[in-house]
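User: I'd like to check the labels used for this model against their cut-offs. Could you show me the structure and then take my questions?

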Amino acid sequence: MKKVYIVDSDEAFLKSVATRLEGEGIEFDTFQKANEALKKVAVETPAVIILDYNIPDRNSMEVLREVLKLSPFSRVIIVASGVVENSASEIISSGAADYFAKPINLNKFVSAIKHQINRYEILKTSTVKSAKWWRRALDFIGIHFPVGKDDVLHIGRRFYYAIAIVFVAFLIFSFAFLEYSMSPSFCKSCHIMKPYYDMWKKSQHKAVPCVDCHYPPGFREEIKGKFQAVSQVAKFLTGTYSTKPYAEIEDASCLRTGCHATRLLRGKVLFKKGIVFDHTPHLTQMRGGIKLRCTSCHSQIVQGSHISVTETTCFTCHFNGLEKNPELWNTQAKCVICHEIPKQDIEFEEITYNHQDFAGKGVVCQKCHLEVIKGEGEVPKEFCVTCHGEPERLEKYDDFAFLHKKHVTDKKVECTRCHTEIKHNVKTTVKPLDYSCDICHQKKHNGQKKLYMGVGGRGVENMPSPMFIAQVDCIGCHVERKNPNAKNGLEFRGITLEPSENGCIYCHGEDYRGMLAEWKDSVNSELKEVKRNLNQLRPYIKRSSSRAKQLFEDAEYNAEFIEFSKGVHNVDYALALLDKSKEYLNEVKKMIF
């Protein structure tokens, strides 16, 4: 159909255009109302529709959209006279093929109509060709799709052959892929797993396929592992995989027949020179209230190795808590649990001695071997937030048994993900006094450090000093020597640097002169008031409620914290803690009196 519809209420325009189209041999129909034209468009598809922008019975833009909906290949030319609300660019962007303003040049107008008829033919032909392509594709596999109302759908024998071939090919590909997915080379194909593969290739397990460790023995677990491998491929292809791969290795994988099935029966084995280890108590008994797994000690990844013993895990278990409970040196941290006492004579600085002489007398090792432990292995609460954001989980922070069951027994979480590192080293060739001052002077200035960092108080949020945030170290304020006039004995007594407001003035200028004294006065005044209230309430606190005792204890803690840590290290935090102490004590007064 190459017919042209002219939809316009202007009879003179209709007549002039119709006469010209008739002379050009172009078939056409004329309409004075849009609704009449739309009824006809619903039945047949015109090549071109000439639509009056000012058609009286309908909004021309609505008519344009409806025409394109009924006949998407038809080309619409808008003609307008008088007031036009939409610009020509807006009309074209709405779907019109062209736009003319009355009075029109008939030669140009007819030329535009012919051009749009050609465009209509090109679009329709390309669509028909594309339809023929998919028909040919269906015919090739044995499906005849109906053409016209009298035709019917027909499926030939070739279609069923094609389905059978595709199904067999799918099965072959699936089995081949599933088999390949269980090989180490498949793991290596992912760039994220490349470092893990390289470490495995250099390890003692290089002859063991990855799946033998990562999936427990048994047909069900093997099938489960195959489907998991396929899911990992899907995640990789869709870009939804994690950049931090995580896998759990069950004890059954390690203790399977042909691997380490007899490990628990061997008893003590030599880990390395002078250090013995027994797998049986670690895997069959609760250790410190924790049920361990093979991978609790054998880390899945160690730099340059694979499934190797992570000694920091040993240190975290054996040496954690020594700072608070030195009695642990006689139990979990006892040296002879792992170390054998040397039996041979040792020559050192022209002195010959034997460990057996001292061990038999009950002399503890750390009397001679200093600094064997560095670090406390504590668990800062902020470490929890890196993995968990739910308040109900963070409330379990103090539940030791629950946390270790979830992280160690149920899941393979590295100890160092939660605990700070503990280092252990036995020095045997040190010079006398060649060790840290912390051996004797323990936790010196600990209070000042916490106050400066704005942590450690009770009832007040962390409030680091602006100087701490700016990374100003102690020597930023401690700038003057104690006893500067002393000349003798400095070689033996050493030098102590004391705080001075000159440190403030040096950085901030003369406007800060006298500020240090003001800070001291403010803190001392508030501290004096809090201590006076503490002394007033102390005689009554023993007979008060547990809530009152706790508030009194918190207020006293804050006061001692500020007194012994010197409030000037963080004035704002110190005053906030003292205000909180006064608030606590006021509550205690209401409870007692």
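This is a predicted model: local features need pLDDT of at least 70, side-chain atom pairs count only at pLDDT 80 or more; totals for chains, interfaces and linings use all residues.

User: Which residues of α19 and α24 meet?

Analyst: Gly 447, Gln 448, Lys 450 and Leu 451 of α19 meet Phe 561, Ile 562, Phe 564 and Ser 565 of α24. Contact here means heavy atoms within 4.5 Å.

User: Why are α2 and α3 called roughly parallel?

Analyst: The axes of α2 (residues 34-41) and α3 (residues 60-70) come within 10 Å and cross at roughly 10°, so the pair counts as roughly parallel. Ala 34, Leu 38 and Val 41 of α2 meet Val 63, Glu 66, Val 67 and Leu 70 of α3.

User: How do you know that β3 and β4 pair?

Analyst: Two strands pair if DSSP finds at least two bridges between them. β3 (residues 48-52) and β4 (residues 75-80) share 5 bridges in the parallel sense, and Leu 51 stands opposite Ile 78 in β4.

User: What makes β2 and β5 edge strands?

Analyst: The 5 strands of this open sheet come in the order β2-β1-β3-β4-β5, with parallel pairing. β2 (28-31) and β5 (98-101) each have a single partner strand, so one side of each has no neighbour in the sheet. On average, neighbouring strands are turned by 15° against each other, direction ignored. Helix α1 (residues 11-24) packs on this sheet, touching β1 (4-7), β2, β3 and β4, and its direction makes about 165° with that of β1. Helix α2 lies across β1, β2 and β3, at about 160° to β1.

User: Why is the contact between Lys 582 and Glu 526 called a salt bridge?

Analyst: The term asks for a side-chain nitrogen of Lys or Arg within 4 Å of a carboxyl oxygen of Asp or Glu. For Lys 582 and Glu 526, the closest N and O atoms are 2.6 Å apart, so the pair qualifies. It links distant parts of the chain, with Lys 582 in α25 and Glu 526 in α23, 56 residues apart. By this rule the count comes to 21 salt bridges. Lys 3, Glu 27, Asp 29, Lys 40 and Glu 44 are linked in a network of them.

User: Where does Asp 579 stand relative to Lys 582, and is each one buried or partly exposed?

Analyst: Asp 579 and Lys 582 are 3 residues apart in α25, which means about one helical turn separates them. They too form a salt bridge, with the closest N and O atoms 3.8 Å apart. Buried means under 20% relative accessible area, exposed over 50%, and partly exposed in between (1.4 Å probe, protein chains only). Lys 582, with a relative accessible area of 18%, is therefore buried, whereas Asp 579, at 42%, is partly exposed.

User: What makes a set of residues a nonpolar core?

Analyst: Its members are buried Ala, Val, Leu, Ile, Met, Phe, Trp, Tyr and Cys residues joined through side-chain atoms within 4.5 Å. The largest such core holds 24 residues, of which Leu 534, Ile 562 and Leu 585 touch the most other members. α23 (515-541), α24 (546-565) and α25 (571-592) each supply at least two residues of this core, and α25 gives the most, with 9 residues. Apart from this core lies another, of 20 residues, among them Tyr 5, Val 41, Ile 49 and Met 61.

Methods:
Residues are numbered from 1 along each chain as its sequence is written. Side-chain values use heavy atoms; hydrogens and water are left out. Helices (H or I, at least four residues) and strands (E, at least two) are DSSP runs, numbered from the N terminus. Axes are lines fitted to C-alpha atoms, for helices over the stretch in contact, and angles run from 0 to 180 degrees between N-to-C directions. Angles under 35 degrees count as roughly parallel, over 145 as roughly antiparallel, 65 to 115 as roughly perpendicular and the rest as oblique.
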